[in-house]
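Subject: Structure for your files

Hello,

Here is the structure, with its sequence. My notes follow below it.

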Amino acid sequence: MQIYVAGNVLRSGDGSIKHPFKTIQEAANIATPGDTVFVAPGIYREHVRPMNSGTEDKRITYVSTARGEAVITGAEELTGWEAFENLYRVRIPDSFFGSFNPYAEAVSGDWCWMKNSPAHLGELYLDGKSMYEVQDIPSCMHPEKSKKSWDPEFSVYTWFTARENGETIIYANFQGKDPNRENVELSVRKACFFPEKSGINYITVSGFCIRQAATQWAPPTAYQEGMIGPNWAKGWIIEDCDIYESKCSGISLGKYYQRGSNNKWTTTFVKDGTQTQRDAVCQAVNEGWSKETVGSHIVRRCDIHDCGQTGIVGHMGGAFSIIEDNHIHHINNKHDLAGAEIGGIKLHAAIDTIIRRNHIDHCTRGIWLDWEAQGTRVSQNFLHDNVPPKGTLIDNGLSLGEDIFVEVSHGPTLIDHNLMLSDIAGRISTQGIAFVHNLIAGSFSYVGQGCDNGGKKFASDRYTPYHLPHSTKIAGFMTILHGDARFYNNIFVQKTVRQDLVDFCVENRTDTMDRNNFICGTVPYNSFPSPSEYFKGFDGLNVEEHCPRDVYYDRLPVYFGGNAYFNGARCCTGETAHVDNDHKISFYMDENEGRYTLHTNLYEFLPRNFTIPVNTQLLGLAFEPEQRFENPDGSEISFDTDYFGRKRGRYPVAGPFEECGSDRFTVQTPGFGSFLVNNAPKGRIEEKGDNKSDVGFEEADEVYEEIRDEEPADSIFAEELKQASAPNFTIDEDDFEKKDLVSEVNANILLTGCDNVGVKFPFEDELFIVSDMFVKGNEVWLYDSINEKLVELDCEYGIYRNLKKWSVGAMQSIDVSDDPNCEGFVRTAGTLLCILSKSLAHDPADTCATIQDKVNAGIEPKGIKMRFTPRYLKFIRNKKFISLEDVIYRMSKGAMDIVTERLEHL
């Protein structure tokens, strides 16, 4: 059954397409297995509480008919402001809030460090962005830029709240703006889409904007709230959603409410938090936590950002899940919340959870896997800038940040094919871990440290559980010995060390190799034994002669192979690796409208054939659980594809990329993986129509067809549903062979007069006489008017093709007869085409070197340098690659003429 919701109807109907419900909750009250709830664009100010479960083969699906345009918000509009000196003030009767007043409750919970600067659960929003709460009216009147905030300019937009005579009073500094004319909201609800009871299974939430809820701090020892989440259930899918501005957590895959154990540490103070957490895990197992009842969720293609504590949080409830293709960014940037549960993703007990292909940036911490990261795999993620910006006040060690933090887990934890580019790549207070085929630019911190509870007089080691393989059943408890780590086929590139980060560590006396160092590489493992050194200690062991048995509590061995180190990155003593201290590796990231390109000369100096293929057998067993590094279903892993999914060779290339004949890699593009509302505000709900294995969309084509069949012409959904379909992303390769296919080329620059200066070269057994050359970016189209030929050439990648039928035009033109530099560019492109087609009679390398020197003599005075090889043609300016088109604009001497005609060969 299809149920319809439209918030702009005058009064609620029966949920039919002609008479839709007015609220989503009305649909949630009646939705049963197999139903789909279609929600029209609009703002829905409600907390949706699904009442019924779907089933594995008949899910209950909630769909926004226009992706990102059905908004579920925990906030209400706030009007009626009155001037109060240089502030504005509004009075709200406490009865307005009902049973939950977020301005009367503080952020609190285990591991929440807010004693000196308490914050309320509520937020005040200006144009959708949360302002900064302060502690008194003078601070609100005369705010100073926050030194801790990653957005200090906005931190002067402040608010303060007080309660008196049954009213909540809010004072706010809008920096001269009139709140009665602006979009001002305040959060009033705990969540946006979150069941009230546990066990509501197999729900899909697709395409919504979910924002602005007054969520509570979510530690592993408490009921974990989020703006959206399953509340201790199984089989949810949250996809294609824009999720932002939660006070604490955006998505919760977390823990249920345990009677007698909720925040037990900070409410009774009798037992340490580690002990209460162990108790919580055991209680959950005793009360039915298992793979059959909880977890196995999917979070995919969501844009999760600007939340106070975490983008995604979960303890136990996120086990057996997949988190993929999301963009998680700007988490905990206000730094008005502090504690030990902060990160883009913060998961405890992420058993058999896969975190892959996510873009995680500008978070206080990228990914934090705490306790029981057993069978967890972190793969193909792009992590960067998860560190405080320069000039930011760092007020505690956990605010220093890193890409990945793995804490007090016994493994096996697998980290492979990631780009870890922040100043600290990993905080490794753990064991049973494997790093395979990563590109790492930051350091490893807290190796051998960070696994106790800080006891001064008595030992306070943290004993954490490990489980039977692929199960929640507890196999045992043990402290962390450290080591049991594997590093295979990684590339380490030392980046420039930021002095402000070093200064913070020196001031706090944590600037040691086993705490906060900034040396990229495996050097923190220098004091750890090799496998042979470790295991020989057990040869002929006589228990009676080895008391007090220290051998059982020594550091575990570390394994290495196929790693490469550049720019001063340092390998572990005794490690056999490729270490290059002779070449300077350039390494930077370029971002343009969501497209991230990694530029590097690394692969000019990276040797081949010094690695070996890595697989489950090579990695062996994690020591404590005695479990292999394997897939959740127990099958073996063979690392035979790279970051882009390309097949690896017999001797795989170190690092994440198998194709190494390039000096730039586009590692993230808009719309790849995560969905960005700003980039496609009118986009429809998308799903690969030919991929029937995707959970929850087995009958996608039939569902949409049924909707179109019953759609009335005057329906409020008519325009939306006309465009609702299951798009097919498959390319019909036969199209490339159609004889009637015309290549339409729209270039930006036309270089004319090439035949007047005699640009010609052998090409495919004929003489190619260049009449004109069209240019766009790094692509050129060489035109021979005598033979009526047009050849497309990608100078950057060295790829060409003949066009059979074409229509080509440009915006403006230059006559190369009057411009020697432009003439040189045409000759160079022609030579590259000649080389690629194997038509050049001379030595290609010598020819390229000669032309490169000649062209550079003309363009280097402008700060541009050409790099010309038999494989590609590129240009560099200020240590960055620029396009041929850009070079022409910078170097052309004459005026450009407008082009009004097109050349066609049909």
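Ser252 stands opposite Val313 in strand 22. Strand 19 is joined to strand 22 (residues 310-315) by three bridges, and the two run parallel. Strands here are DSSP runs of E with at least two residues, helices are runs of H or I with at least four, and both are numbered from the N terminus. Two strands count as paired if DSSP finds at least two bridges between them.

This is a predicted model, in which local features need pLDDT of at least 70 and side-chain atom pairs count only at pLDDT 80 or more, while totals for chains, interfaces and linings use all residues. Residues are numbered from 1 along each chain as its sequence is written, and side-chain values use heavy atoms, without hydrogens and water.

The open sheet has seven strands in the order 19-22-25-28-31-34-37, with parallel pairing. Its edges are strand 19 (249-252) and strand 37 (443-445); each has a single partner strand, so one side of each lacks a neighbour in the sheet.

As for the whole protein chain, it has twelve helices and 64 strands. Its radius of gyration (over C-alpha atoms) is 30 Å, close to the 29 Å from the globule rule (2.2 Å times the number of residues to the power 0.38) for 906 residues, so the chain is as compact as a globular protein of that length. The C-alpha trace spans about 90 × 85 × 60 Å along its principal axes. Of the 906 residues, 58% are buried, meaning under 20% relative accessible area with a 1.4 Å probe, protein chains only.

Regards

Key
Buried < 20%, exposed > 50% of the residue type's maximum accessible area, 1.4 Å probe, protein only.
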